[in-house]
Amino acid sequence: MEFEYRFQHKHILGIEELSARDIGFILDTAESFKEISQRPIKKVPTLRGKTVIHLFFEPSTRTRLSFEIAAKRMSADTFNISASTSSARKGETLIDTAKNLTSMKPDIIVIRHSSSGSPHLLARHIKASVINAGDGTHEHPSQALLDMMTVREKKGKIAGLKIAIVGDISHSRVAHSNILGFTKMGAQVHVSGPATLIPAGIKQLGAIVCHRVEDAVADADVVMALRIQKERQLDPLLPSLREYAAFFGINRTLLQSAKPDAIIMHPGPINRGVEMTFDVADGEQSVIMDQVTNGVAVRMALLYLIMGGEDR
Amino acid sequence: MNSFPALLLQNARIIDPVNNIDEPGDLLLAEGVIRQRGKAGSISCPANGLTIDLQGKWLVPGLIDMHVHLREPGEEYKETIASGTRAAAAGGFTAVACMPNTNPINDNQSVTSLILAKAAAEGSARVYPVGAISKNSKGTELAEYGELKKAGAVAVSDDGRPVANSQLMRRALEYSGNHNLLVISHAEEVSLSENGAMNEGALSTRLGLRGIPTVAEAIMIYRDLALAEYVGRPIHIAHISTRESVDLVRRAKNKGCPVTAETAPHYFTLTEEAVGVYNTRAKMNPPLRSADDLAAIRVGLRDGTIDAIATDHAPHSAMEKDVEFDQAANGIIGLETAVPLTLALVRENILTPARMIELLSVQPARILGVAGGSLSEGNSADITVIDPGKTFVYREEDIVSKSANSPFLGWELTGKAVLTIVAGRITFRDL
């Protein structure tokens with residue numbers, strides 16, 4: 001006899017820890033929550049009395065706002081702490097911060113930090129649930145979940161699709177989580193970008209590496225461009241943004257080889273004219289704004305599920 | 001500690017590779033030297049002497065760890081000369097060579113003299129200071145090798161701060177010849193390794209950690225071997241961790257170059273997998289590498305490419321280690337686990353017992369040009385007794401070092417030093 005499925009994760013540290021079944025369940029839950037954001041009174045009492053702390057050691061506008069809106073629409077009490085990693089480094093350690101926060105009895109800590117693995121460190125030293133809102137170059141699980149939600153919504157499925165991810169794969173926690181997630185859900189992930197931005201051993205994560213961006217995009221169902229950080233020119237990883245745009249930027253011509261109904265994604269913020277041209281970013285194939293909308297629903301689902309999924 | 005007019009060590013398995021001995025025997029120590037060596041039961045203990053029966057134990061020349069960090073002066077909260085040499089004694093070491101990256105850096109006779117004075121007053125092992133290659137280990141000007149040597153330094157190294165400037169390394173190799181000081185190379189091309197936190201590969205990508213490629217080590221080893229060959233001076237390569245490094249050293253040796261090399265127990269015991277979920281106790285520099293590198297290191301230990309096992313004992317407190325992985329300090333303690341971890345290779349038939357003693361005693365003495373490494377009559381009584389079958393769980397509360405940053409905590413280990421003697425004085429006893 002098959003046991004009834006239950007979502008059993010206390011923390012959301014990465015896509016790596018989630019099974020395909022977990023991911024499907026999160027996406028189902030998120031879809032059912034989407035409607036709440038369309039009501040005139042966008043609030044349900046589900047997480048009333050729960051305390052959510054947003055502990056952001058790195059600047060973020062979109063992700064933090066999205067988490068905060070999600071928590072508030074679930075009626076949780078939310079608090080924001082912004083700290084620069086450097087000042088925290090001089091003073092309190094992350095473990096001390098965790099201990100102090102524990103004393104104030106929060107239920108959920110949403111953390112963003114420039115050090116890979118810091119949510120794991122926090123989770124080892126805190127009683128609350130921890131959600132990773134982006135750690136170093138490691139993972140950004142809620143972003144990958146909202147990306148998968150958007151793809152499933154637009155394509156009706158994930159399994160069997162060809163996903164092209166183009167850009168800075170080395171430094172992108174979004175790429176990392178998406179490779180793991182889409183692969184777990186049965187899609188084929190092709191990555192492309194300057195070889196200087198393709199990390200060692202990416203094949204072992206399940207991605208297929210294409211040296212020519214045309215090969216990645218050909219017959220793709222989904223084309224996702226990643227943000228190129230301007231300082232990457234210094235390492236030296238890139239000769240110039242102009243050269244990047246010319247050879248790896250997503251434009252109309254390149255997209256002609258993708259499936260006619262391919263969708264265009266970007267985790268934002270976009271460098272227009274670098275990762276993609278204006279017309280692609282704003283074109284009818286672009287689902288970038290749907291990603292943002294789904295972000296709130298996915299984060300509502302995560303908050304709900306790690307709190308045990310009760311009192312719905 | 002305990003001194004006796006005479007000490008008779010009886011019925012031990014005496015392993016003394018220099019004298020080509022591996023047989024049961026007795027050893028009589030008196031007045032700080034090895035007075036007599038003989039067949040088991042052939043020596044009787046003089047009056048007032050102490051006899052210790054060592055049935056089933058190995059009696060070997062005192063182990064020498066040619067690469068440790070004692071942290072004094074400057075970071076006494078991590079380790080001191082007293083605590084570090086106590087840890088050495090507990091691990092079976094009768095001597096250690098301490099690296100110069102203290103605060104202040106050991107780049108001058110005053111710091112060297114301080115270390116030796118402290119060691120004489122408070123130490124439980126012989127201490128051989130290693131001076132800095134360059135002033136303040138900045139990599140620009142040569143340190144004062146003549147004065148360092150006169151004060152008691154045995155070698156020079158910019159360990160932990162690799163010499164980026166090839167001209168400086170060349171000059172160090174040349175000038176060290178005037179003072180008969182060995183140059184020890186911490187081989188790392190920093191432009192490739194900077195800000196790296198672990199071995200570069202699929203695992204570093206999976207964990208989102210910046211990688212340190214194996215070529216960062218190989219390139220610098222190649223440079224330093226080429227420079228040493230060019231100027232005709234010996235060079236010692238510290239803590240090699242990769243297959244390429246083993247290959248480069250082997251090739252240089254085959255050409256007849258006077259190169260020696262060491263590795264550390266963690267490089268033949270653990271792979272990068274030990275990093276697990278951001279375990280900072282598995283973070284060190286060079287980093288733990290792949291299973292293929294580990295296999296090559298083991299072959300190098302067996303075939304003589306690698307001359308010595310040194311622990312790179314690097315104590316750090318919780319302050320440096322209980323933090324985000326990329327922020328955590330590099331290094332692990334090693335003095336108290338080297339014997340069991342090396343014995344594991346003996347049990348796996350990778351090393352013979354005699355080869356193990358060469359790696360841990362004979363060669364370190366020869367490379368550093370210091371006394372020890374054999375049990376010849378008349379030698380200073382620097383002795384280690386190992387119980388190869390003793391099994392114990394390595395627990396934090398049993399650590400003698402001031403720091404506990406070891407990836408081997410909780411491991412069940414087999415083989416342990418049970419008696420350590422320096423110049424006839426018992427510095428550690430667990431039997």
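Colleague: How many residues has the largest nonpolar core, and which have the most contacts inside it?

Modeller: The largest nonpolar core has 115 residues, and those with the most contacts inside it are Leu59(B), Ala97(B), Ala155(B), Val156(B) and Val385(B). A nonpolar core here is a set of buried Ala, Val, Leu, Ile, Met, Phe, Trp, Tyr and Cys residues joined through C-beta atoms within 7 Å. Buried is when 20 or more other C-beta atoms lie within 10 Å of a residue's own, with C-beta atoms placed from the backbone. One caveat: this is a predicted model, where local features need pLDDT of at least 70 and side-chain atom pairs count only at pLDDT 80 or more, while totals for chains, interfaces and linings use all residues. Residues are numbered from 1 along each chain as its sequence is written, with chains lettered from A and ligands numbered from 1 in the order in which they are written.

Colleague: OK, on to α12(B). Why is it largely enclosed by the rest of the structure?

Modeller: Because 7 of the 10 residues of that helix, 338-347 of chain B, are buried. Among them are Val339(B), Pro340(B) and Leu343(B).

Colleague: What covers those buried residues?

Modeller: The cover includes α10 (291-303), α13 (353-368) and β16 (383-393) of chain B. After α12(B) comes Asn349(B), with a positive phi near 60°.

Colleague: Switching to chain A: what's the strand order in the open sheet?

Modeller: β7-β6-β5-β8-β9, 5 strands with parallel pairing. Strands pair if DSSP finds at least two bridges between them. The edge strands are β7 (208-210) and β9 (263-265), each pairing on one side only.

Colleague: How many bridges between β5 and β6 of chain A?

Modeller: There are 5, between residues 162-166 and 188-192. Ala164(A), for one, has His190(A) as its bridge partner in β6(A).

Terms used:
Helix = DSSP H or I, 4+ residues; strand = E, 2+ residues; numbered from the N terminus. Buried ≥ 20, exposed ≤ 12 C-beta atoms within 10 Å, placed from the backbone. Contact = placed C-beta atoms within 7 Å.
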